[in-house]
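Please read the following points beside the sequence and the model. They are set out as numbered remarks for discussion.

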Amino acid sequence: SAWEDLRVVREHVAQQAPLTFREPSGYLRYRYQVPAGPYDQLWDWDSVFLGVATLHTGSAPYFVGSMLNFLGHTDASTGEVAGCLTPSGATPTIYHAKPIIIQGAWLAAQATNNASLFAPYLPQMRALLRYWEGRRDPDTGLFVWHDQMESGADDLVLSLCPSNMSVRCWVPSDADSLASADLLVFLQREYRAFALFLRTWAAAAPQQAAAAALEA
């Protein structure tokens with residue numbers, strides 16, 4: 001029956017989810033979560049989707065740590081952070097983390113009822129939003145992905161070449177040329193999550209409420 005199938009799936013997830021949990025290591029100073037057991041890399045949206053889906057199996061501290069790792073390695077001036085981090089450092093596989101880090105942090109904060117844990121990373125959150133504001137098509141004003149790999153859709157039909165690592169097909173004009181609806185949705189959720197953080201921090205610190213409320 002469908003209910004029996006659901007029970008089997010839930011049992012399988014409960015058994016396998018802990019295999020995705022990783023302890024701090026090298027460049028990754030906080031606990032984190034990987035897409036599957038064999039990996040050691042921390043990936044942007046994988047950590048958010050998996051973190052949410054496996055909360056019932058105890059993923060919360062690893063979900064929080066994944067977001068802290070990304071925010072901790074975000075340049076507070078430029079907003080730059082790679083989309084794939086490893087214990088030995090960032091990799092060039094994903095040009096820039098998808099605009100999912102702030103909303104991921106908010107979801108992790110809600111799961112642990114601890115938004116204050118992310119308060120030290122306010123400059124990095126602002127920098128991330130500024131970074132994406134600068135990533136627009138000059139003709140249409142639409143936000144753009146840097147390349148197909150960054151979008152997470154490795155076979156994105158809008159592009160014939162995955163990234164500059166594909167030396168046989170990549171040309172410089174391919175960069176920052178892919179506009180798609182999913183990017184706009186991610187960014188809308190980033191701004192909403194940022195506003196929710198500001199309001200929550202303001203409520204916890206009344207003396208800063210006026211300034212935070214204005215920014216939100």
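1. Helix α3 is mostly covered, with 11 of its 13 residues buried; buried means under 20% relative accessible area, exposed over 50%, and partly exposed in between (1.4 Å probe, protein chains only). Among the buried residues of α3 are Tyr 62, Phe 63, Met 67 and Phe 70. Helices (H or I, at least four residues) and strands (E, at least two) are DSSP runs, numbered from the N terminus.

2. This is a predicted model, in which local features need pLDDT of at least 70 and side-chain atom pairs count only at pLDDT 80 or more, while totals for chains, interfaces and linings use all residues. Residues are numbered from 1 along each chain as its sequence is written, and side-chain values use heavy atoms, with hydrogens and water left out.

3. The length of α3 agrees with expectation, because its 13 residues should span 18 Å at 1.5 Å a residue and its end C-alpha atoms are 18 Å apart. The expected span is 1.5 Å times one less than the number of residues. Helix α7 (residues 181-204) has 24 residues and reaches 35 Å from first to last C-alpha, close to the 34 Å expected. Buried residues of α7 include Leu 183, Phe 186, Leu 187 and Glu 190. An α-helix has 3.6 residues a turn, so residues three or four places apart point the same way.

4. Three strands form an open sheet in the order β3-β4-β5, with antiparallel pairing. At its edges lie β3 (42-43) and β5 (89-90), each of which pairs on one side only. Two strands pair if DSSP finds at least two bridges between them; β4 (residues 84-86) and β5 are joined by two bridges. Leu 85 has Ala 90 of β5 as its bridge partner.

5. Leu 55 is placed in the loop between α2 (44-53) and α3 (60-72). Leu 55 counts as partly exposed because its relative accessibility is 32%.

6. Gly 141 is found in the loop between α5 (122-133) and α6 (148-151). With 27% relative accessibility, Gly 141 counts as partly exposed. Gly 141 and Ala 179 are 38 residues apart in sequence, and their C-alpha atoms are 9.7 Å apart in space.
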